[in-house]
Each structure stands twice: as C-alpha cells, then as structure tokens.
Amino acid sequence: MADSLVPTSSGGQLAPQPGDAHWMRAALEQARAAAQAGEVPVGAVVVRDGQIVGRGFNHPIGAHDPSAHAEIEALRDAAKRLGNYRLDGCTLYVTLEPCAMCAGAILHARLDRVVWGAAEPRTGAGGSVLDLFAQAALNHHTAVTPGVLADEAAALLTAFFGQRRVQQKQQALASHPLRDDALRTPDALFAPALDCNCPSCFYSDWPALGGLRLHAKDSAGQNPAPAAAARQWLLLPGLPAQQGLFRELAAGLAARGDRVLAPDWLGLGRSDKPKKDQRLGDAQQLAMLQDLIQHLHLDGEQGLVIVAHGDAARLAQALVVQQAALGEPVQGLWLINPPNAAAPSADYRLWLEQVARKPALDIAAALGSSAMGAEMDADRQQWAAQFPDKGYRAGLRAWARDALAALEAPVMAPAVSAQALPVLVSLGEQARWWPAPADGLDAWLAAVVTAAGGAGPLAWQRCAGGDWLPLQNSAALLQASRYFDAGAKPAALGLVVAALR
C-alpha cells in the first residue's frame with residue numbers, strides 16, 4: 001500500500017490520505033509492545049514508498065533514556081536503514097501527538113509529513129499546547145494530519161493508565177498489612193463521587209497508629225515534602241461522616257492554592273477498624289492527629305487552621321491545646337455545628353446512646369433524627385455502608401462512648417496560658433443534633449474559645465442549613481473561610497464579631 005507524499009515545502013495541515021489508517025495500525029502494534037514492556041503505550045512507524053523503513057515504541061524507563069520516545073526510536077531506525085539522517089520523502093505515523101522534543105527531531109529530519117492519532121493536551125507540540133509545525137520562521141515545514149484512529153490510540157492509553165492505577169492501589173494496600181484484630185471495609189462499598197477530590201493517602205507506620213492503616217485525602221499527595229507557602233487546612237468530620245463530608249469546601253479551598261487534608265478517623269471510612277472498642281478512643285485519635293501534623297508537615301507560612309464539624313469539636317479543641325503546649329500553636333480554629341455540651345439536644349444524646357448500646361442499629365434510619373434533607377440520601381447510605389456488619393462498628397461505639405463521657409464531664413479551662421487564637425463558629429439555622437443555644441449564646445461562644453485555650457478574636461455566623469453544613473451550605477462556609485486571611489473584615493464576610501469577657 002503506497003504512502004501519500006506531499007511536497008516538503010508545503011507544510012500546513014492536510015486531511016487524512018488513503019492508506020493512513022493502515023499505517024497507523026502498524027504504529028498501534030508498536031504501542032501495544034510498549035504497554036507489554038510496562039511503558040506508556042505510544043508507537044510509531046516511518047513509511048517511504050509504501051514500505052515501513054523505521055519502527056519504534058516508547059521506552060524511556062527500560063532504556064534509562066529520557067529521549068527514548070516512540071518518534072525518536074522510529075527516526076533512528078529509519079536513518080540507520082536509509083543511511084541518512086535526512087528522511088526526505090518519508091511520513092511518520094505516531095499514535096500520540098508529538099511533544100516539543102519529538103517535533104524538533106521530526107523537523108530536523110526533514111520529514112514530509114507527520115500523522116498522529118490521539119491529541120496530547122498536556123505536552124502536545126502540534127497545536128494542543130504549542131504548534132512547532134506552524135512556525136513560519138523555520139527553514140523546513142512538515143505537513144501534519146492529526147486524529148487518525150484517535151479513538152483507538154486514546155483507548156490504549158486509557159486502559160494502560162487504568163490498569164496502572166489498579167496496580168498502584170494493590171501495591172499500596174499490600175504495603176499496609178491488615179492487623180489480625182482489625183477489619184478493613186472493602187473499597188467497592190465506597191462511592192468515589194462522595195469523596196473529597198484529592199489523592200487517597202495511606203499510612204500505618206506512625207507510632208500512634210500501632211499498625212492500623214489510616215486513610216486521608218490530601219491535596220499534596222502521599223508523603224509530601226514541606227511546603228511553607230500555602231495555608232494548611234485540617235478537616236475533621238463529626239460522627240459518622242467520612243472525609244467526603246468536606247468535598248465541596250475542600251475543592252474551593254484547594255482551588256485557591258491552599259493545602260487541604262481530610263482524614264478518616266481510625267475506625268471509620270477507609271481507615272482500619274479495630275474489632276474491639278476498648279482498643280480505640282479519643283486519646284489514640286488525638287495521638288494520631290499529632291503524628292499526622294508532624295509527619296505530613298502541616299506547617300506553612302500562613303499556618304494551620306483546624307476545621308472540625310459536629311462532635312469532632314472536642315478533639316479539635318484538645319488538639320489546639322496540645323499544639324500550644326508543644327510550642328507549635330495553630331493559626332486558627334473553625335468549628336462547624338459544634339455541640340452544646342452543657343445542654344445537648346435530646347436527639348443527639350439519643351443517637352449516641354443507640355450507637356453505644358445497639359450493635360445492629362440501622363444507622364441510615366437513625367441519622368434521620370438529624371437535620372438532613374433528601375439531597376443527602378446518598379451520603380446517609382454511604383455513611384451506613386462503611387460498616388458492612390456489626391463487627392465493623394467498634395470505632396463507632398468507642399466514639400459514642402467518649403462523646404457521651406464528654407457531655408457528662410464539667411467544662412475545664414486548659415492549664416495553659418491563653419493564646420491569641422482566631423476562632424470561627426458556623427451554626428446551622430435548622431440544626432437538630434447540634435443547635436445553637438436559644439439563650440446565653442455569648443457565654444456559650446466564650447466557653448468554646450476557652451476550651452481551646454484561646455483568647456480570641458472570635459467571629460460567628462448563622463447559615464441556612466442543618467447539622468451537615470459542609471454539604472448543605474458550602475458556599476457560605478467558603479466565604480467565611482476568608483476570616484483567617486490577614487486583614488480580613490468579618491462584617492464584609494457576613495460574620496458577627498463576639499466580645500469575649
């Protein structure tokens with residue numbers, strides 16, 4: 001089958017020619033060879049006078065050669081066979097749009113035409129990112145024909161990267177063996193659409209974890225290097241929510257360039273679940289948070305803001321106190337729907353008592369006592385699905401046990417000097433589990449700050465929504481988050497400044 005030749009002086013974009021699909025299939029065979037070798041599947045062939053004179057596939061990893069792209073390998077093969085680096089009268093077929101390096105080599109080899117399959121939106125030098133073939137100032141112009149068998153070429157890449165993600169996940173799981181006295185919820189029971197849109201990261205080698213695997217969503221990825229420029233947000237969900245409670249807020253914060261980290265508590269979500277509730281409690285959760293702050297470098301020039309929802313407030317307040325005692329104070333504390341420990345709602349207390357005492361409690365149904373509309377039905381079912389049977393609920397019972405104890409304990413001021421600590425409190429107007437007190441709001445807010453060893457300043461807001469504000473009114477919360485910016489004006493953000501006595 002003859003290859004269609006075009007004059008070398010013409011350049012420009014040409015429509016597909018007779019025979020292009022045939023030669024592109026030969027390039028796809030080279031791409032499959034790359035995939036079998038564990039390389040990104042890109043293949044290329046050089047055709048002259050109806051004959052393949054050069055073949056190549058992508059293998060920079062195996063060759064330890066950053067230039068070993070499919071195009072370069074095919075050009076080298078053709079040049080050796082033809083005895084000339086100038087490949088006049090030749091056409092290169094490649095399954096993926098060339099990068100800048102390969103485009104330069106194509107032009108230097110004086111090819112008549114280059115034909116490619118799939119576009120490369122990140123590094124393509126044939127028009128996707130830049131167009132080296134359209135530079136009029138160059139002394140040679142190679143014609144281009146994009147999009148030949150593009151779907152087949154793209155499908156190879158999609159399948160390859162899908163398989164690689166599965167392998168990476170399997171390797172990650174294999175590196176965190178499951179303890180004999182713990183359980184791990186099958187990943188198939190979690191809906192990715194209900195997660196924070198950040199990389200999933202797993203850790204099991206910190207002292208506080210004792211071999212349990214911790215799952216966290218971290219916009220900085222696994223084991224990130226210190227990055228001092230960005231603000232850090234540590235997002236802590238209340239029972240029984242997972243990190244996905246913050247998915248909308250996390251997306252907005254990350255879009256600013258800030259780092260966002262949302263862990264699943266031990267015993268919840270994708271974190272390991274001990275089989276006995278005596279093995280887990282607030283003390284271990286706090287120790288885990290301190291390890292997390294230390295090992296994941298949660299310190300930036302703009303500081304760490306701890307964001308706690310619902311009954312995670314007690315752990316957030318204790319963590320702020322501990323960090324101050326260590327001489328590593330946080331930059332701010334944000335409590336969303338914090339409980340009123342002095343006068344907890346009957347619905348919330350009943351929820352905790354049922355979790356603690358009823359091993360087979362219908363969690364999805366019990367969540368109906370909170371202010372949660374039909375729009376959260378998928379999340380309600382997800383939070384129940386993380387416990388396939390009652391054997392997975394030890395962490396849930398341990399949390400309820402310690403939350404009930406916190407309701408009974410007197411409010412104690414921490415034994416550390418009060419620190420300047422910006423505090424923001426967001427309250428859901430329709431909350432049923434965690435409503436704001438009808439009377440004595442100022443005194444309650446002051447107690448919230450005192451429990452964290454802080455001296456303010458304090459601002460608060462009422463938002464439309466119920467007990468699950470991060471999903472019910474993320475827009476209001478995202479605006480309020482600017483409170484922690486230098487020079488922020490609370491009134492302009494719709495916040496009320498509270499006077500602390």
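**Notes on the model**

1. Strand E1 (residues 43-48) and strand E2 run antiparallel and are joined by 6 bridges, strands here being DSSP runs of at least two residues (E) and helices DSSP runs of at least four (H or I), both numbered from the N terminus, and two strands counting as paired if DSSP finds at least two bridges between them. Within this pairing, glycine 43 stands opposite phenylalanine 57 in E2.

2. On provenance, this is a predicted model, in which local features need pLDDT of at least 70 and side-chain atom pairs count only at pLDDT 80 or more, while totals for chains, interfaces and linings use all residues. Residues are numbered from 1 along each chain as its sequence is written, and side-chain values use heavy atoms, with hydrogens and water left out.

3. E1 and E2 belong to an open sheet of 5 strands with mixed pairing, in the order E2-E1-E3-E4-E5. Strand E2 (51-57) and strand E5 (143-145) are at its edges, and each has a single partner strand, so one side of each is left without a neighbour in the sheet. Neighbouring strands are turned by 20° against each other on average, direction ignored.

4. Strand E3 (residues 91-96) runs parallel to E4, and 5 bridges join the two; leucine 96 has alanine 118 in E4 as its bridge partner. Strand E4 (residues 113-118) is mostly covered, with 6 of its 6 residues buried, where buried means under 20% relative accessible area, exposed over 50% and partly exposed in between (1.4 Å probe, protein chains only).

5. Helix H1 lies across E1, E2, E3, E4 and E5 and runs at about 140° to E1, contact meaning heavy atoms within 4.5 Å and axes being lines fitted to C-alpha atoms, for helices over the stretch in contact, with angles from 0 to 180 degrees between N-to-C directions. The 17 residues of H1 (residues 20-36) should span 24 Å at 1.5 Å a residue, and the end C-alpha atoms are 25 Å apart, which agrees; the expected span is 1.5 Å times one less than the number of residues. The buried residues of H1 include Trp23, Met24, Ala27 and Leu28. H1 is followed by glycine 38, whose phi is positive, near 80°.

6. Strand E12 (residues 304-309) pairs with strand E13 (residues 332-336) in the parallel sense over 5 bridges, and valine 307 is opposite tryptophan 334 in E13.

7. In the largest nonpolar core, which has 101 residues, Leu234, Ile306, Trp334, Trp351 and Trp468 touch the most other members; such a core is a set of buried Ala, Val, Leu, Ile, Met, Phe, Trp, Tyr and Cys residues joined through side-chain atoms within 4.5 Å. Helix H12 (residues 394-408) supplies the largest share of this core, 7 residues. A second, separate core of 40 residues includes Leu28, Ala109, Trp116 and Leu156.

8. The protein chain is divided into domain 1 (19-158) and domain 2 (181-433), with bounds that come from an automatic or database domain assignment. The C-alpha centres of domain 1 and domain 2 lie 50 Å apart.
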